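Dear colleague,

I am passing on the structure we spoke about, and below it you will find an account of what came out of going through it. Please read the text with the model open beside you.

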Amino acid sequence: MTRFLIFLVRGYQRFISPLFPPSCRYYPTCSGYTLQALKVHGAFKGSLMGIARILRCHPFVKGGIDYVPRNFSLKRNTVDKVQPTYTYRREK
């Protein structure tokens, strides 16, 4: 399931995203964040984190750096100022 979701996000990055101007207020971009969350936290939790991030990305938010936290959280990661080292989940 994780591989399929990664495939969908990469398809979005390659074919749909170039059609629109850059508008993500965070670094890494929302699609990059979702990919990282899927790899680190798996299909279900990674999808929830990606959806929460997309909902946070709107014109009224300040934006800035927001790395995927090592522990599952739907809130913005204000702790890590440098990208953490992750342990990736293996698919069964």
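Of the 92 residues of the protein chain, 37% count as buried. Please keep in mind throughout that this is a predicted model.

As for the overall build, the secondary structure of the chain comes to two helices and two strands, and read from the N terminus these elements follow the order α-β-α-β. The radius of gyration of the protein chain is 13 Å, close to the 12 Å that the globule rule gives for 92 residues, so the chain is as compact as a globular protein of that length. Along its principal axes, the C-alpha trace spans about 40 × 35 × 20 Å.

A search of the whole structure finds two salt bridges, and Asp 66 takes part in one with Arg 53, where the N to O distance is 3.6 Å. Because Asp 66 lies in the segment after strand 2 and Arg 53 lies in helix 2, this pair ties together parts that are 13 residues apart in sequence. Asp 66 is buried, and Arg 53 is buried as well. Asp 66 also forms a salt bridge with Arg 56, and here the closest N and O atoms are 2.7 Å apart. This pair, too, links distant parts of the chain, with Asp 66 in the segment after strand 2 and Arg 56 in helix 2, 10 residues apart. The relative accessibility of Asp 66 is 0%, so this residue counts as buried, and Arg 56, with a relative accessible area of 15%, is buried because the cut-off for that class is under 20%. Through shared partners, the salt bridges join Arg 53, Arg 56 and Asp 66 into one network.

Turning to the aromatic rings, the structure holds one aromatic pair. The rings of Tyr 27 and Tyr 67 have their centres 6.3 Å apart and their planes at 85 degrees, so the pair is edge-to-face. The pair links distant parts of the chain, with Tyr 27 in strand 1 and Tyr 67 in the segment after strand 2 (64-65), 40 residues apart. The two partners can also be described by their exposure: Tyr 27, at 52% relative accessibility, counts as exposed, whereas Tyr 67 is buried, with a relative accessible area of 11%.

A cis peptide bond joins Tyr 27 and Pro 28, with omega at about -5 degrees. Pro 28 itself lies in the loop between strand 1 (26-27) and helix 2 (30-56).

On the surface, Tyr 12, Phe 15, Ile 16, Leu 19 and Phe 20 form a nonpolar patch, and together they have about 580 Å² of accessible area. Tyr 12, one of the residues in this patch, has its place in helix 1 (residues 2-16). With a relative accessible area of 38%, Tyr 12 is partly exposed.

Phe 44 is found in helix 2 and counts as exposed, at 63% relative accessibility. The C-alpha atoms of Phe 44 and Phe 4 are separated by 12 Å, while the two residues are 40 residues apart along the chain. Val 40 also has its place in helix 2, but at 8% relative accessibility Val 40 counts as buried. Between the C-alpha atoms of Val 40 and Gln 13, which are 27 residues apart along the chain, the separation is 19 Å.

Definitions and conventions:
Residues numbered from 1 in each chain as written. Predicted model: local features only at pLDDT ≥ 70, side-chain atom pairs only at ≥ 80, totals over all residues. Heavy atoms only, no water. Helix = DSSP H or I, 4+ residues; strand = E, 2+ residues; numbered from the N terminus. Patch = residues over 30% accessible without salt bridge, like charges linked within 9 Å, V, L, I, M, F, W, Y side chains within 5 Å. Areas by Shrake-Rupley, 256 points an atom, 1.4 Å probe, with all protein chains shown as cover. Salt bridge = Lys/Arg side-chain N within 4 Å of Asp/Glu carboxyl O. Buried < 20%, exposed > 50% of the residue type's maximum accessible area, 1.4 Å probe, protein only. Phe/Tyr/Trp six-rings, centres within 6.5 Å; stacked < 30°, edge-to-face > 60°. Rg over C-alpha atoms; globule rule 2.2 N^0.38 Å.
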